[in-house]
Amino acid sequence: MKTIIIGGGITGLSCAYKLQLLNKDYVLVEKEEVLGGLCKSVSKKNFIFDYTGHFLHFSDNYIKKFIKNILNGDILKIKRNSKIFTLLSDTKYHLIPFPFQANIGYLNNRAKNYCIKTLLESNIFMKDEPVKNFYDWSIRNFGAGITNYFFSLYNKKLFQTNIKKISIDWVTKFVPKPNIEEIFYNVLNKEIKSYGYNSTFYYPRIGGIQNLINSIEKRLDKKNILKNICFKKLDIKNKIVFLTNGLKIRYDNLISTIPLTELLENTNVSETIKNLSKKLKYTSVLCFNIALKNKIFPRKNECRDEKIHWIYFPSKETIFYRVGFYHNINENLVPSKKFGSLYVEVSCFPEKKFDVKNVYDKIVCDLIKTKILFSEKEILFYNFLQIPVGYVIYDFQRKYLVEKIQKYLMSKKVFSIGRYGGWKYSYMEENVKDGFYTVDKIFSKS
């Protein structure tokens with residue numbers, strides 16, 4: 001019974017690992033020469049960069065144990081220190097602790113009072129108001145101040161969509177929800193508590209996130225992995241995969257981890273299914289990794305001496321929505337303790353045309369404007385990485401479309417899984433679970 005896996009990212013590799021553990025016949029097809037997909041690192045001049053921040057967070061002890069064993073325990077545990085850049089802050093560098101909704105005590109008096117007033121109003125007068133979208137959910141839980149100062153701005157920047165057009169299918173897992181008592185306690189005490197699924201995260205001690213990929217690959221039989229070969233098309237009726245090297249492979253079960261839209265575009269499904277897939281929406285992410293001559297955050301002789309891991313930028317004044325500091329996450333990602341490095345994330349519509357140099361120039365300008373950099377002279381070089389499918393947009397059609405498409409595919413023994421195959425907002429632990437669960441699901445019925 002042969003299983004074909006399309007895509008050698010973290011989800012595809014987890015499938016391969018589980019299939020090999022069960023002694024099942026499989027072939028994994030990866031279009032690149034190096035496995036990892038978007039969960040990958042690149043090296044340049046002794047700097048190690050990822051496809052933006054790729055961090056591990058665990059809620060499942062089985063997956064946590066698996067990852068730690070794969071890395072032979074060579075993994076860092078890090079308590080998150082993330083900030084939000086806002087001109088409403090009462091601090092010198094316009095930074096307040098994340099999440100915004102729990103730390104309004106750091107805002108200037110006018111903004112803070114407005115947030116408190118509207119938070120109280122929402123809890124007193126809006127308890128029974130219906131929640132139709134993400135905007136309603138935010139207003140209902142946090143009031144107009146927090147919604148307008150952060151949620152509307154940041155999420156529109158990230159998803160390139162007005163949050164009134166976004167559903168709440170994803171918020172429970174990804175949006176921290178402190179209660180009103182905690183918010184007021186934090187206002188009075190300015191106490192920074194940990195909120196969110198990634199309040200503590202893990203990262204390989206050496207080699208970037210690629211070390212995790214390489215460690216899984218070492219446990220796989222090389223003869224089952226086809227690299228540098230692209231998936232060309234799928235004959236779903238006759239169960240044949242066509243590859244760009246001319247190879248045709250028959251299968252019993254197919255697991256796809258490539259974007260759902262890409263799979264359906266190259267599969268002989270009905271026009272109905274193809275039309276459904278065309279309605280799936282997403283944004284692309286432009287990742288600019290920047291090597292620096294010296295560390296920033298912290299800088300010597302400055303008051304900002306704490307190690308910040310990343311900063312969110314809700315304001316329209318910057319082109320990027322997030323900036324991360326590799327050197328504060330793991331000093332082994334830079335050539336020596338002297339150097340620093342950043343990842344900068346820009347969101348855009350997939351069809352939008354852009355000039356890399358123009359975007360980079362705007363990024364540098366905004367990094368200086370926000371005082372992350374003093375001048376462009378601090379930069380050694382930059383590395384550009386494009387993520388064509390970055391974030392799935394949870395509009396009101398998504399759930400129906402995905403369920404309809406997945407039901408059809410599974411009836412044909414095709415399992416589209418992972419962040420992009422499952423067409424969802426997810427993280428690495430969930431991707432590994434998807435791989436393990438799917439293999440168990442296939443073979444529990446065989």
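## Lys 413

Lys 413 lies in the loop between α12 (398-411) and β19 (414-416). Helices here are DSSP runs of H or I with at least four residues, strands are runs of E with at least two, and both are numbered from the N terminus. This is a predicted model, where local features need pLDDT of at least 70, side-chain atom pairs count only at pLDDT 80 or more, and totals for chains, interfaces and linings use all residues. Residues are numbered from 1 along each chain as its sequence is written, and side-chain values use heavy atoms, without hydrogens and water.

Phi of Lys 413 is near 65°, a positive value in a residue other than glycine. Most residues other than glycine have a negative phi. Lys 413 has a relative accessible area of 38%, so it counts as partly exposed. That term covers what falls between buried (under 20% relative accessible area) and exposed (over 50%), using a 1.4 Å probe and protein chains only.

## Lys 239

Lys 239 sits in the loop between β10 (231-235) and β11 (240-243). Its phi is near 55°, again positive in a residue other than glycine. Lys 239 is partly exposed, at 26% relative accessible area.

## A cis bond

The peptide bond from Phe 98 to Pro 99 is cis, with omega near 0°. Most peptide bonds are trans. Pro 99 belongs to the loop between β7 (95-97) and α3 (109-125).

## Helix α7

Helix α7 spans residues 210-217. Of its 8 residues, 6 are buried, so the helix is largely enclosed by the rest of the structure. The buried residues are Gln 210, Asn 211, Leu 212, Ile 213, Ser 215 and Ile 216. Their cover includes α1 (10-21), β3 (41-44), α2 (61-70) and β8 (200-204).

How values were computed
Contact = heavy atoms within 4.5 Å.
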